[in-house]
Amino acid sequence: MKLIFLGTGGGRFSAINQRRMTGGFRIDNLGGKNYHVDPGPGALVRTYQFGLDPRNIDGIFVSHAHTDHYNDAEILIEAMTRGMTQDNGHIIGAKSVLTGFDKWGPCISKYHQTKSNLIEIESGDVRYFDNCLIKATPTRHGDPVGVGFQMEYKDFKISYTSDTSYFQELVEAHMDADILIASVLRPGGRSIKGHLCSQGFINLLKEIKPKLAIMTHLGLKMISNNPIGEAKRITRITGVKTLAAFDGMSLDINFNNPARARIVSLKDVDAPFHGSNNNLSRFERKNANKLAIKHGETDEFAQMDKRFNH
Ligand SMILES: [Zn+2]
């Protein structure tokens, strides 16, 4: 199994300025199936950027009705269903995401809900799909029906808190996790409402004792304050191996020993096109203009020009 992070920024401000990406993460090759979790803004683009294929997704999980978690869900559903021409895959989501709840959602249109198996979950629900069992876990966050999950495959348990503050039931819900993935917005002990800070995460880890912990969905304060150092500090305090996820991080997980996951930094296959090489992008712009002129794409403007000159 692989865990692949297509975005590790969290919170609305982190998402708006894209200091870190916000594409969520993928659980690949879990019993031969691939799942995309919380595809925020850019999930489709990041999928290609890190050399993956959105068409090989077998399920999409959306935890709650916040843009940084659901934004790219519909376009990924289109990829999963070959442009809505084939019945395929599962869409797993909170009530706010699929049906709508109060002022929240729905985040996925009725049209996009017609080609996949819908699994609407609320905290405490247990469902089976493919070869997995999924248990919806509670959250305390803006969306009152938002959920996290614990997924179980052959006795191996992957837990994801999604966005939530710390509370006692959270510990019970994620107990026995082999891997715990948490949204940790801020470093230190000062959390903002509805989110975990490092201290809340430490409290969780001390009680749950997973074999591997990963913090993601990092807010601006965390990003600016050495998240890797923070993860090392958390490891020291809790005795649980803790990683701070980074964009393009891929973890090869061995079910027998998840703490010894191999960390790979995925190559940005599109880097030359994304402006990291200024000369190349200037060159491309120049050529694009030339091509546009050649193909008559600027005719409209030329005619407008003529009209104004008369
Ligand atoms: Zn949220």
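Which residue of β6 does Ala94 stand opposite? Ala94 stands opposite Ile121, and the strands concerned, β5 and β6, pair in the parallel sense over 5 bridges; two strands are said to pair if DSSP finds at least two bridges between them. Helices (H or I, at least four residues) and strands (E, at least two) are DSSP runs, numbered from the N terminus. The model is a predicted one, in which local features need pLDDT of at least 70 and side-chain atom pairs count only at pLDDT 80 or more, while totals for chains, interfaces and linings use all residues. Residues are numbered from 1 along each chain as its sequence is written.

These strands belong to an open sheet of 8 strands with mixed pairing, in the order β6-β5-β4-β3-β2-β1-β15-β16. Its edge strands, each pairing on one side only, are β6 (117-121) and β16 (262-265). Neighbouring strands of this sheet are turned by 15° against each other on average, direction ignored, where axes are lines fitted to C-alpha atoms, for helices over the stretch in contact, and angles run from 0 to 180 degrees between N-to-C directions.

Within this sheet, strand β4 (residues 59-62) sends Gly59 and Phe61 one way and Ile60 and Val62 the other, and all are buried, a term that requires 20 or more other C-beta atoms, placed from the backbone, within 10 Å of the residue's own, whereas 12 or fewer make a residue exposed. β4 pairs in the parallel sense with strand β5 (residues 90-94) over 4 bridges, and there Gly59 has His90 as its bridge partner. With strand β3 (residues 33-37), β4 pairs in the parallel sense over 3 bridges, and His36 stands opposite Ile60. Between β3 and β4 the chain passes through helix α2 (residues 43-49), and this β-α-β crossover is right-handed: with the strands pointing away from the viewer, the path from the first strand over the helix to the second runs clockwise.

After α9 comes Gly239, whose phi is positive, near 75°.
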